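Open the structure in your viewer and keep the sequence panel beside it. The stops below say what to select and what is there.

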Amino acid sequence: NTRGAALNRSTAHYLVTRKDIPQIYVFNAATGALLDSLNMTSVSGGGGSVLQDIEVTSDGVVYASNLILNGLTENFKIYRWANDNSATVPTVAFSGLVKESARLGDAFDVAGTGTGTVIYAGGNNSGTDSVQVFTTSDGTTFTNSGTIKITGNDAGAGIAQITSGGDFLTSRLAANNPIRMYSGTGGGRLSFVPAAVTPSLQADIAYLEAAGRKWVASAESAATAGKAKGILLNTTYGLAGAVKVGSTPALGATANSTSNGADVELQYNASDSTMTIYIMIDNNGIAAYKTGNLLTTNLAPFAGNIIRNPYIPLGGQNDTVWADVQDDQFVPGGNVKLNYSVDGGANTIVAMALTSGDSIIGTYRAVIPGSASTDGKRIAYFVTATDNQAATSTSPTIGYFAGITKMTLVGPRAIDTN
């Protein structure tokens, strides 16, 4: 019956919600020792659960929500504790019907502090095709100030704001639903983590910028017994260029059919450049895992946003290819290369020239000559990049047929109906 968890970095405490009592337990984040529980005065109501998820701001303010099954008829509630002291009496930061949502509270995220605090909430139901936004003018009471449309219930399991009130990540415990990034203004999908890096069926997610890099962690599905674990991704190059740093051992051996009881938190340890991953899986346990030194690992360059013009060249016409390349160190001159072949033949390698940016983040250009683009020929190409530490990456192969050959009418033909 545990539903949510949060790391209070200001006190080094780990807080866990329980829905059936309801209660919020306070643990020592370093030792796992149970220290206390929070005051539950005025905490009541919720068609799904009285207490669902919990989050803590960087200055130690605690927020928790209930779970409602119909946002048009049930009050969604957000509770606020000024700190995680057991004597602190909570206040009701928000209570009311939301703008629209069939179900709300499965996903809950808080970013910012004081009057800049922004809360995003989502639900795991086919009718919940939006993220509800809650903002405050006084730092204590909130209003349902906006709705961000999303595709289906993409935010049915987890939400993580990149910036307070800005773009955000979503996760959903369903097949073919990877971790995605959404626009915080328009609500459109911006990018996603490729299935080859980490599959769908991700439960809660967390985002952290530390040591000059961007990190995403997820609590992977516990739908299959013994499969629940935490995953750490380096997303410095964006979600499309995400690199899987590693995963924790499986936590517990109990299968959960839903994502309602899962949480993941990240803590960067500057003293030794490591990351601690806190993970909670309902019916399985709570654990903390520490990585090795993350800064000793060199990332290979990432080549993305590969485009060409013209999109389909005429026979004998040059085709220009551009690629954006990033690296955490730098890419020496001549180390970004365009590789192309004609009709499956041998690759021709052409050095790409830097046209803008620099050797850390730059745009490169090269030309597939018209002599290769004979009418009807199939051109296949990809980009390779090698950094100063000899780490190399290769983009996916892209192909097209050159030239435009008109189709000739050869005459009518009887249709065989047998």
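Select Pro310, which lies in the loop between strand 24 and strand 25 (319-326). Strands here are DSSP runs of E with at least two residues, and helices are runs of H or I with at least four residues, numbered from the N terminus. The peptide bond that leads from Asn309 into Pro310 is cis, and its omega is near 5°.

This is a predicted model, in which local features need pLDDT of at least 70 and side-chain atom pairs count only at pLDDT 80 or more, while totals for chains, interfaces and linings use all residues. Residues are numbered from 1 along each chain as its sequence is written, and side-chain values use heavy atoms, with hydrogens and water left out.

Next, select Asn305, which is found in strand 24. Its phi is near 50°, a positive value in a residue other than glycine. Is Asn305 buried or exposed? Asn305 counts as exposed because its relative accessibility is 53%; buried means under 20% relative accessible area, exposed over 50%, and partly exposed in between, with a 1.4 Å probe and protein chains only.

Ser42 also has a positive phi, of about 75°, although it is not a glycine. To find Ser42, go to the loop between strand 4 and strand 5. With 40% relative accessibility, Ser42 counts as partly exposed.

**The whole protein**

Now zoom out. The protein has 0 helices and 32 strands. Its C-alpha atoms fill a box of roughly 80 × 65 × 45 Å, taken along the principal axes. Of its 418 residues, 51% count as buried.

Strands of a sheet pair through backbone hydrogen bonds, either parallel or antiparallel. Two strands count as paired if DSSP finds at least two bridges between them.

Colour residues 13-18, which are strand 2, and residues 23-28, which are strand 3: the two pair in the antiparallel sense over 6 bridges. In strand 2, pick Thr17, which stands opposite Ile24 in strand 3. Thr17 counts as buried because its relative accessibility is 0%. A polar atom of the Thr17 side chain lies 2.8 Å from the backbone nitrogen of Gly4.

Ala12 is in the loop between strand 1 and strand 2. At 42% relative accessibility, Ala12 counts as partly exposed. Ala12 and Phe27 are 15 residues apart in sequence, and 8.8 Å separate them in space, C-alpha to C-alpha.

**The largest pocket**

Rolling a probe the size of a water molecule over the atoms shows where empty space is left. A pocket is an open set of points on a 1 Å grid over the protein atoms alone, where a 1.4 Å probe fits, with protein on both sides within 12 Å along at least five of seven lines; lining residues have an atom within 4 Å of a point.

Select Arg9, Asp109, Val110, Gln161 and Tyr207: of the 26 residues lining the largest pocket, these lie nearest its centre. About 560 Å³ of space lies in this pocket, a volume being the space filled by probe spheres set on the points. Which strand gives the most to its lining? Strand 17 does, with 6 residues. The lining divides into 14 nonpolar, 6 polar and 6 charged residues. Here Ala, Val, Leu, Ile, Met, Phe, Trp, Tyr, Cys and Pro count as nonpolar, Asp, Glu, Lys and Arg as charged, and the others, Gly among them, as polar.

Stay on strand 17 and select Gln202. Gln202 is buried, with a relative accessible area of 0%. Its side chain makes a polar contact of 2.4 Å with the side chain of Ser218 and another of 3.4 Å with that of Thr198. A polar contact is a pair of N or O atoms within 3.5 Å; within protein, one must be able to donate a hydrogen and the other to accept it, and residues adjacent in sequence count only if both atoms are side-chain atoms.
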